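The sequence and structure are shown first.

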Amino acid sequence: MEENQAQIKELIAKGETSLGIEFGSTRIKAVLIDNEFGTVASGSFEWENDLENGFWTYNLVDIVTGLQTAYSEMKQNVERDYGITIRTIGSVGVSAMMHGYMAFDKTGELLVPFRTWRNSTTTVAAKELTDLFHFNIPERWSIAHLYQAILNEEKHLPRIDVITTLSGFIHWLLTGEKVIGIGDASGMFPIDKSTKDYNQPMMELFNKKIDSKQYPWQLNDILPNVLNGGEEAGKLTQVGAEILDKSKNLQPGIPFCPPEGDAGTGMVATNSVRKRTGNVSVGTSVFAMIVMENELENVYPEIDMVTTPSGSPVAMVHANNCSSDLNAWIGLFREFYEAMGQTVDTDQLFEVMLGEVMKADPDGGGLLSYGYLSGENITGIEKGRPLFVRSPESNFNLANFMRTHLFTAFGALKIGMDILTKEEKVSIDSILAHGGLFKTPLVGQKIVSAAMNVPVSVMETAGDGGAWGVAILASYMRNRQQNESLEEFLDGKVFKNASAKEIYPDGIDVEGFEKFMERYKKGLAIEEAAVDNFKE
């Protein structure tokens, strides 16, 4: 143990480490890894989005404070465990929630509050652009937010110098470089798979469409430059070092990999960048990423076409809502437990409550739930209305209650996945799952396998998720051999000895989920009525 600590201390001193920082929807996490890709130390900062003036947002103060807090906690853990202060790092990568809209002027001033992926305020813009490009433009994408602002004639538009994502902003803050990784870029504007850059014909169509506005910019002027995984994307500046490390121990000059979206880092963290593989990422939202062999035959509003961090085409099914309502219900049970004068560990509470799922009727006993804290694009629901419904004939017990809420967390996702597998006949060999839900053994994994009807694996690194994934991308940039692909690096080095627990779909669970989905689709009329008639 002491020998291992001494080795890691030496690696830290020499800067033979990689740091990944990811801005998730509820947590900012910093993960430092060694040259064998093991986690050396981590730190985090809990945060929540706010609904301000009709937009879901995070404020700049929390963004910077969260960055500093997560880094500081990681740094302190290194000092505690290894007796050394971090002064340099081999490479750094930044990742964040994809999509959204951050617009800045020439002075670097944020022109409007950060508009996150969670907003469903761009319906008109997304549809017009989808028709213009003959390519699905989701409501979350940066170009949809920009065009909706144009349709709304917002006053900030003439002042725009650059628009970027959250990961692009953090990277710019620390390095001074206005660049973006191709995976995150593919959530801003469509990517041409042959050039691995923004689609130029579509860009020309957009510029022509807004020409009459006479803005002092064209789209190609204000988008960040696209970089591929493995390329260097700048170095930590003196100003960036002082922002990241308030103690001012960290030295400038550390190389950064391209900033990426959480979809891409999730693919890396689960070794899901090869064709016919995929991953599902579970949190406030849920998305599945399937690396494609061929292009889709049709355009579907439920399916985004994005890329891996190395530019391979990916079909992405993204649902705005996943675990938030489930977490809220478990919080309610915690309150009951505490009202009884008891205390309970959070992990134990989740394990007990989710364990009830295994005792439930296959379809959830006729119960129905929608965990829509925000609008849901896949089902066409414009606003959030969490809802639980049952009939007198339903089998209302704790097991079915929990199974229903776990089913519904993946309900919207399943609608999109069924298009891929049943209509487009996309072949999927395996899915790897990651996110906090999978810390509870087997249950979430079993339900996802039933929803997708494919084998689902969870790796031991699932808990570190995208922060570990972007640390791997940073390590890949620094340590890869000439012409070594990301797939080869992951297979041959990172996951060479990785162990994963795989579950095959249970026929009874698959049938039960299908029965629940029939109820889910029919019940959407109830959810629509709640939106129309239950006002804030």
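## A partly exposed phenylalanine and its partner

In this predicted model, Phe-396 has a relative accessible area of 43% and is therefore partly exposed. Phe-388 falls into the partly exposed class as well, because its relative accessibility is 24%, a value between the 20% limit for buried and the 50% limit for exposed residues.

## Aromatic pairs

Across the whole structure, a search finds 24 aromatic pairs. One of them joins Phe-104 and Trp-172: the ring centres are 5.1 Å apart and the planes stand at 90 degrees, so this pair is edge-to-face. Phe-104 belongs to strand β7 (residues 102-104), whereas Trp-172 belongs to helix α5 (residues 166-175); the pair therefore ties together parts that are 68 residues apart in sequence. Both Phe-104 and Trp-172 are buried.

Phe-388 and Phe-396 also form a pair, with ring centres 5.9 Å apart.

## An aromatic cluster

Which residues form one aromatic cluster? The members are Tyr-370, Tyr-372 and Tyr-520, together with Phe-407, Phe-513 and Phe-516.

## Arginine over aromatic rings

Two arginine residues are described here in relation to ring faces. Arg-115 is positioned over the face of Phe-55, at 4.2 Å from the ring centre. Arg-118 lies over the face of Trp-56, and its distance from the ring centre is 4.4 Å.

How values were computed:
Residues numbered from 1 in each chain as written. Predicted model: local features only at pLDDT ≥ 70, side-chain atom pairs only at ≥ 80, totals over all residues. Heavy atoms only, no water. Phe/Tyr/Trp six-rings, centres within 6.5 Å; stacked < 30°, edge-to-face > 60°. Helix = DSSP H or I, 4+ residues; strand = E, 2+ residues; numbered from the N terminus. Buried < 20%, exposed > 50% of the residue type's maximum accessible area, 1.4 Å probe, protein only. Lys NZ or Arg CZ within 6 Å of the ring centre and 35° of its normal.
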